[in-house]
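Thanks for coming, everyone. Please bring up the next entry on the screen, and I will walk you through it.

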Amino acid sequence: MKNFESKLIARIFGIQEPIDEHAYAILGRAAIHAVLGILTFELTINVMSFLIPFHSYEDAFYIMSSIQLTGIFF
């Protein structure tokens, strides 16, 4: 099973040489931090959406769309 995981990680990250245990651990931690960062960002955006007063559904759509696009580009 470990060999399959190493091959999968090597393919995803485009690594040509074999992966040692230290590099495997670093890639695993990097993946976890990336996922946690994305979840934290999305949670922050959703909390902000509840704090912004909306006057209509159209306003809400444009405001939330602009917040999401800002997060994607920055």
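How many helices and how many strands does the protein chain have? Three helices, and zero strands. Along the sequence, that reads α-α-α. The radius of gyration of the protein chain is 19 Å, well over the 11 Å that the globule rule gives for 74 residues, so the chain is more spread out than a compact globule. The box tells you its dimensions. Along the principal axes, the C-alpha atoms fill roughly 55 × 20 × 20 Å.

Now, a word on confidence. This is a predicted model. The protein chain averages a pLDDT of 76. At least 70 is the score for 91% of the residues. Where is confidence highest, and where is it lowest? Helix α2, residues 21-51, is the highest, with a mean of 81. Helix α1 is the lowest, with a mean of 71.

Next, the surface. The protein chain exposes about 6400 Å². Carbon and sulfur atoms supply 70% of that area. Buried residues make up 15% of the 74 residues.

Let's zoom in on one patch. Which residues make the nonpolar surface patch of about 440 Å²? Phe4, Leu8, Ile12 and Phe13. Take Leu8. Leu8 sits in helix α1, which covers residues 2-13. Why does Leu8 count as partly exposed? Because its relative accessibility is 42%, and partly exposed runs between the 20% cut-off for buried and the 50% cut-off for exposed. Remember that α1 is also where confidence is lowest.

Conventions
Residues are numbered from 1 along each chain as its sequence is written. This is a predicted model: local features need pLDDT of at least 70, side-chain atom pairs count only at pLDDT 80 or more; totals for chains, interfaces and linings use all residues. Side-chain values use heavy atoms; hydrogens and water are left out. Patches are made of residues with over 30% relative accessible area and no salt bridge: like charges are joined within 9 Å, nonpolar side chains (Val, Leu, Ile, Met, Phe, Trp, Tyr) within 5 Å. Accessible areas come from the Shrake-Rupley method with a 1.4 Å probe; for residues, only the protein chains shown count as cover. A salt bridge is a side-chain nitrogen of Lys or Arg within 4 Å of a carboxyl oxygen of Asp or Glu. Helices (H or I, at least four residues) and strands (E, at least two) are DSSP runs, numbered from the N terminus. Buried means under 20% relative accessible area, exposed over 50%, partly exposed in between (1.4 Å probe, protein chains only). pLDDT is the predictor's confidence in each residue, from 0 to 100. The radius of gyration is taken over C-alpha atoms; the globule rule is 2.2 Å times the number of residues to the power 0.38.
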